[in-house]
Amino acid sequence: MFFDDRPKIKLTKTKLDIFLEYLAFGLLVVSTIYAIYHYGNLPEKIPMHFNHKGEVNRYDNKDSIWVINLIGFAVVYFMYYLTKFPHTFNYPQKITPENAEKFYSDAVKMMRYTNAAMGLLFALITFEIVQIALNNSLAMLPVVTGVIITIVVAITVVPIIYLIKNFKKH
């Protein structure tokens, strides 16, 4: 295989690591419970797509609320599962027994932060879909749109900055 020459080591989870894992899943559980609680009051058509300003530009059947939750859980679980195999990640340098623990722990921590952000992102989207559907609003609150855009940009940019910064260190 491609990564057979890389050391496979077991990383110790910190309290922060455990917290981030629970946070990612916990946010999705809370948003699912929220959707279940309000499901009976939702109209038959709910907002399911928004433009860059947070305005609704597509409505779907109210059962579509479960698709968002399922996708959220799938993404968060997949990223959680990937953290168990840091030796398969891409790194800016050759992984050796001397640098493996540092690179692996940094990469896994970055994945956990990203995963928590993904949990928050899907939870916010579920919350806003329900709120807009119940209040017959035509758009997300500007602050929520700003938070969602910030999360998406952070998930994209922060790992790149982190990678460049780490590459310069080693």
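What you're looking at is a predicted model, where local features need pLDDT of at least 70, side-chain atom pairs count only at pLDDT 80 or more, and totals for chains, interfaces and linings use all residues. Residues are numbered from 1 along each chain as its sequence is written, and side-chain values use heavy atoms, with hydrogens and water left out. The helices (H or I, at least four residues) and strands (E, at least two) are DSSP runs, numbered from the N terminus.

- H2 takes in residues 65–82, which is 18 residues. From first C-alpha to last it reaches 26 Å, close to the 26 Å expected at 1.5 Å a residue (the expected span is 1.5 Å times one less than the number of residues).
- Which residues of H2 are buried? They are Ile65, Ile68, Asn69, Gly72, Val76 and Met79. These sit on the same side of H2, because they cover an arc of only 105° around the axis (the arc is that of the directions from the helix axis to the C-beta atoms).
- For the accessibility words, buried means under 20% relative accessible area, exposed means over 50%, and partly exposed is in between (1.4 Å probe, protein chains only).
- A handy rule here: an α-helix has 3.6 residues a turn, so residues three or four places apart point the same way.

**The S1–S2 hairpin**

- S1 and strand S2 (residues 56–61) pair up in the antiparallel sense over 5 bridges (two strands pair if DSSP finds at least two bridges between them).
- Together S1 and S2 make a hairpin, with 5 residues between them. In the turn, Gly54 has a positive phi of about 85°.
- If you want a spot to look at, find Phe50, which stands opposite Val56 in S2.

**What the UniProt record says**

- An unreviewed UniProt entry places the feature "transmembrane region" at residues 20–40, 64–82, 113–134 and 140–164. UniProt positions are in the numbering used here, feature names are shortened, and annotations may be inferred rather than shown by experiment.
- In the model, residues 20–40 are 95% helix and 0% strand, with their end C-alpha atoms 32 Å apart.
- Residues 64–82 are 95% helix and 0% strand, and their end C-alpha atoms lie 27 Å apart.

- Phe122 belongs to helix H3. Is Phe122 buried or exposed? Its relative accessibility is 12%, so Phe122 counts as buried.
- Setting aside neighbours within four places in sequence, Phe122 is in contact with Leu28, Ile68, Ile71, Gly72 and Val75 (contact means heavy atoms within 4.5 Å).
- Gln131 is in helix H3 too, and Gln131 is partly exposed at a relative accessible area of 23%. The C-alpha atoms of Gln131 and Leu141 are separated by 9.9 Å, with the two residues 10 apart along the chain.
- Thr83 is in the loop between H2 and H3, and Thr83 is buried, with a relative accessible area of 8%. Beyond its neighbours within four places in sequence, Thr83 is in contact with Phe89, Val108, Met111 and Arg112.

**Salt bridges**

- How many salt bridges does a search of the whole structure find? The search finds 8 (a salt bridge is a side-chain nitrogen of Lys or Arg within 4 Å of a carboxyl oxygen of Asp or Glu).
- One of them joins the side chains of Lys94 and Asp5, at 3.4 Å from N to O. The pair links distant parts of the chain, 89 residues apart: Lys94 is in the loop between H2 and H3, and Asp5 is in the segment before H1. Lys94 is exposed at 58% relative accessibility, and Asp5 is exposed at 56%.
- Lys13 forms a salt bridge with Glu21, with the closest N and O atoms 2.9 Å apart. Lys13 is partly exposed at 37%, whereas Glu21 is buried at 12%.
- Asp17 and Lys109 meet through their side chains at 2.7 Å, N to O. Asp17 is buried at 4% relative accessibility, while Lys109 is partly exposed at 26%.
- Through shared partners, salt bridges join Lys13, Asp17, Glu21, Lys109 and Arg112 into one network.
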